[in-house]
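User: I would like to go through this structure with you, beginning with the charged side chains. Could you take my questions one by one?

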Amino acid sequence: MSASVPTHPQAVTPTFNRAWLTPLELGGLAAIWGTSFLFLRIAAPAFGPIPLVALRLVLGAAVLMPFLWRARSALRPALWPRLALVGVVNAAVPFTLFAWAARQAPVGVGAITNSMAVLFTALVAFLFYGERIGGRRAVALFVGFAGVVVLASGKAAGTSVAWAAAAGTTGAFLYGIGSNLVRRHFTGLPAAAVAAATLACGAVLLLPFAVATWPTEPIGMRPWLAATALGVVCTGFGYAVFYRLIQRIGAPRAAVVTYLVPLFALTWAWLLLGEPVTPTMLAAGTLILGSVALGQAPAAPKAK
């Protein structure tokens with residue numbers, strides 16, 4: 001997904017009557033979202049970051065539009081300025097940052113930094129909303145930032161990836177802000193409809209900039225196919241599957257997909273683009289994914 005793992009705005013009681021389906025859907029979604037970084041790497045050089053993201057948002061919103069139409073009466077006019085804000089913070093800007101990073105560095109850089117979104121969600125809740133962060137999450141954040149430093153110190157084809165790592169980390173931080181905004185302003189609303197609305201708002205706000213920066217050179221078929229798959233499959237279909245998972249198993253268990261996305265992204269890049277998995281990526285990925293797992297682990301029960 002080159003996307004965050006947003007906090008679901010509805011309180012849902014998980015059901016497990018189809019537990020056999022959950023691992024299959026989690027693995028499939030991780031594979032789909034892993035390809036999003038591959039598609040960014042293919043399409044971003046041809047389109048440029050802003051036109052590519054505008055196209056991605058339009059296609060993703062179109063796939064999710066039936067959910068928005070079905071819940072249209074629940075989205076009061078007063079909510080739309082907030083939906084537009086989330087569309088910018090949680091979609092338009094971070095998507096653009098990851099697209100820019102994809103032009104500068106291998107797939108693994110964006111995929112690994114994207115995983116920090118889960119930790120940044122906890123950090124933003126602590127900084128701006130007064131939620132306790134706890135010792136375990138504080139340690140997890142420290143380890144995660146150490147992983148980003150390690151990643152930024154690496155090179156690809158002799159060129160530093162520090163700016164790409166910084167862009168991906170900033171995008172992940174914006175996902176953390178967006179997740180908190182969704183949780184606090186859209187509680188009780190259908191999540192897929194909120195996703196459709198925010199993607200649509202992001203598309204509308206980004207379109208003028210996309211038109212102004214649209215490439216003058218012809219765009220080949222391969223980038224067009226990658227951009228279409230990015231919007232339809234990774235964004236539209238991916239979000240629909242993710243919210244289906246949340247409704248069935250709850251948001252914390254659905255967030256497990258975050259740990260799997262970089263593994264698939266690195267695998268796809270190695271198999272299909274021939275990008276090597278460097279020791280720096282492995283070390284940074286271990287630190288960041290380990291920190292995410294630590295931050296998400298349930299606290300041990302207190303002795304009575």
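User: Let us start with Glu275: is Glu275 buried or exposed?

Analyst: Glu275 has a relative accessible area of 11%, so Glu275 is buried. Buried means under 20% relative accessible area, exposed means over 50%, and partly exposed lies in between (1.4 Å probe, protein chains only). Please note that this is a predicted model, in which local features need pLDDT of at least 70 and side-chain atom pairs count only at pLDDT 80 or more, while totals for chains, interfaces and linings use all residues. Residues are numbered from 1 along each chain as its sequence is written, and side-chain values use heavy atoms, with hydrogens and water left out.

User: Which residue forms a salt bridge with Glu275?

Analyst: The partner is Arg41, and the closest N and O atoms are 2.9 Å apart. A salt bridge is a side-chain nitrogen of Lys or Arg within 4 Å of a carboxyl oxygen of Asp or Glu. This pair links distant parts of the chain, 234 residues apart: Arg41 is in helix 1, and Glu275 is in the loop between helix 11 and helix 12 (279–296). Helices are DSSP runs (H or I, at least four residues), numbered from the N terminus. Arg41 counts as partly exposed, at 25% relative accessibility.

User: How many salt bridges does the structure hold?

Analyst: It holds 3 salt bridges. In one of them, the side chains of Arg183 and Glu131 meet at 2.8 Å, N to O. Arg183 is in helix 7 and Glu131 in the loop between helix 5 and helix 6 (134–152), 52 residues apart. Glu131 also meets Arg184 in a salt bridge, at 2.4 Å, N to O.

User: Where do Phe120 and Phe173 lie?

Analyst: Phe120 lies in helix 5 (residues 117–129) and Phe173 in helix 7 (residues 162–185), so the pair ties together parts that are 53 residues apart in sequence. Phe120 is buried at 4% relative accessibility, whereas Phe173 is partly exposed at 25%.

User: Now the nonpolar core: which residues touch the most other members?

Analyst: In the largest nonpolar core, of 94 residues, they are Leu52 and Leu57. Helix 1 (residues 21–47) gives the most to this core, with 13 residues. A nonpolar core is a set of buried Ala, Val, Leu, Ile, Met, Phe, Trp, Tyr and Cys residues joined through side-chain atoms within 4.5 Å.

Terms used
Helices (H or I, at least four residues) and strands (E, at least two) are DSSP runs, numbered from the N terminus.
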